[in-house]
Amino acid sequence: MPEATPTALDALLDLLDLERIERDIFRGESRSALVPRVFGGQVAAQALVAAGRTVPEDRLAHSLHAYFLRPGDPGAPIVYSVDRIRDGRSFTTRRVVAVQHGQPIFHLSASFQTYEEGLDHQYDMPAAPDPESLPTPAEMLPRHLPREVADRLIEARAAVDLRYADVPPWGSVGQPREPRSQVWFRTNGKLADDPLLHVVLATYVSDMTLLDSILLAHGRGGWAVGDVVGASLDHAMWFHRPFRADEWLLYDQESPTASGGRGLGQARIYTQDGRLAISVIQEGVVRVPR
């Protein structure tokens, strides 16, 4: 039988499968994003892979806190150095520094915990349309962007089925509205049952749209149309409950504030049956070009 053609998801999983070059040192490849730097979600996901590979399998990621220090060079590999900060009875802490050309470009701290029972409550899942009723990226993006830009964005996100519940920022330029947006997402293909893999994929996707809600408040189209200049500054995630990244997840996002050339995005990610799986906060540079 002929070999199956690799999919975009296969390519992404290969990108996230780091090479171990020392006990706590890993190397990852890079690839170009829509802008001439490495996509921040890729660096965060690879750093979490590096951290997770130094942690016992029965300890699951429950939080990460990260800073983007310098733009990544998509033409060069990234070296991830893991510092084993703490191995306690219930919690394990790791610090990861990503280096290119002899300089740190990214810093991550991640915490892992053994499973235990405890108090349980959550915010209710907000109303949202059925993801299957929403247009696919291939159907929606060409409606709002020049064909070349739409094709590049579709290719860059081909491993993920990401569906906007409303018109994205670049589809409503010049029309300020409530700084809130919703997208449904899942990987374009099934994943293995490794819990770390699903957390890593959610981390990768979480950097794609979180700052969009800032743009909505000001009627800006964003990076796709070039009416703002932006970059992620920091990123924090808390993983509350088990989930699968190959099943629909609702990314409910909002921006409480923007000032001083920076904007804040915050979000909750729910499973389709209403469980609050992840909380996310990110600050980014958001500047209007002169």
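What you're looking at is a predicted model, where local features need pLDDT of at least 70 and side-chain atom pairs count only at pLDDT 80 or more, while totals for chains, interfaces and linings use all residues. Residues are numbered from 1 along each chain as its sequence is written, and side-chain values use heavy atoms, with hydrogens and water left out.

**Hairpins**

- Strands β10 (residues 249-259) and β11 (residues 262-271) pair in the antiparallel sense, with 9 bridges.
- Together, β10 and β11 make a hairpin with 2 residues between them, and Gly 260 in that turn has a positive phi of about 60°.
- If you want a pair to click on, Leu 250 has Tyr 270 in β11 as its bridge partner.
- Next along, β11 and β12 (residues 276-287) also run antiparallel, joined by 9 bridges.
- The β11 and β12 hairpin has 4 residues between its strands, and here it's Gly 274 in the turn that has a positive phi, about 95°.

**Gln 182**

- You'll find Gln 182 in strand β8 (residues 180-187).
- Gln 182 counts as buried because its relative accessible area is 13%; the cut-offs are under 20% for buried, over 50% for exposed and partly exposed in between, using a 1.4 Å probe and protein chains only.
- Its side chain makes a polar contact with the side chain of Asp 252 at 2.8 Å. Such a contact is a pair of N or O atoms within 3.5 Å; within protein, one must be able to donate a hydrogen and the other to accept it, and residues adjacent in sequence count only if both atoms are side-chain atoms.
- The Gln 182 side chain also reaches the backbone oxygen of Ala 127, at 3.2 Å.

**Helices**

- As for cover, 13 of the 13 residues of α2 are buried.
- Helix α5 (residues 195-209) is mostly covered too, with 12 of its 15 residues buried, including His 198 and Tyr 204.
- Asp 194 caps the N-terminal end of α5, with a side-chain oxygen 3.1 Å from the backbone nitrogen of Leu 196.

Technical notes
Pairing = 2+ DSSP bridges.
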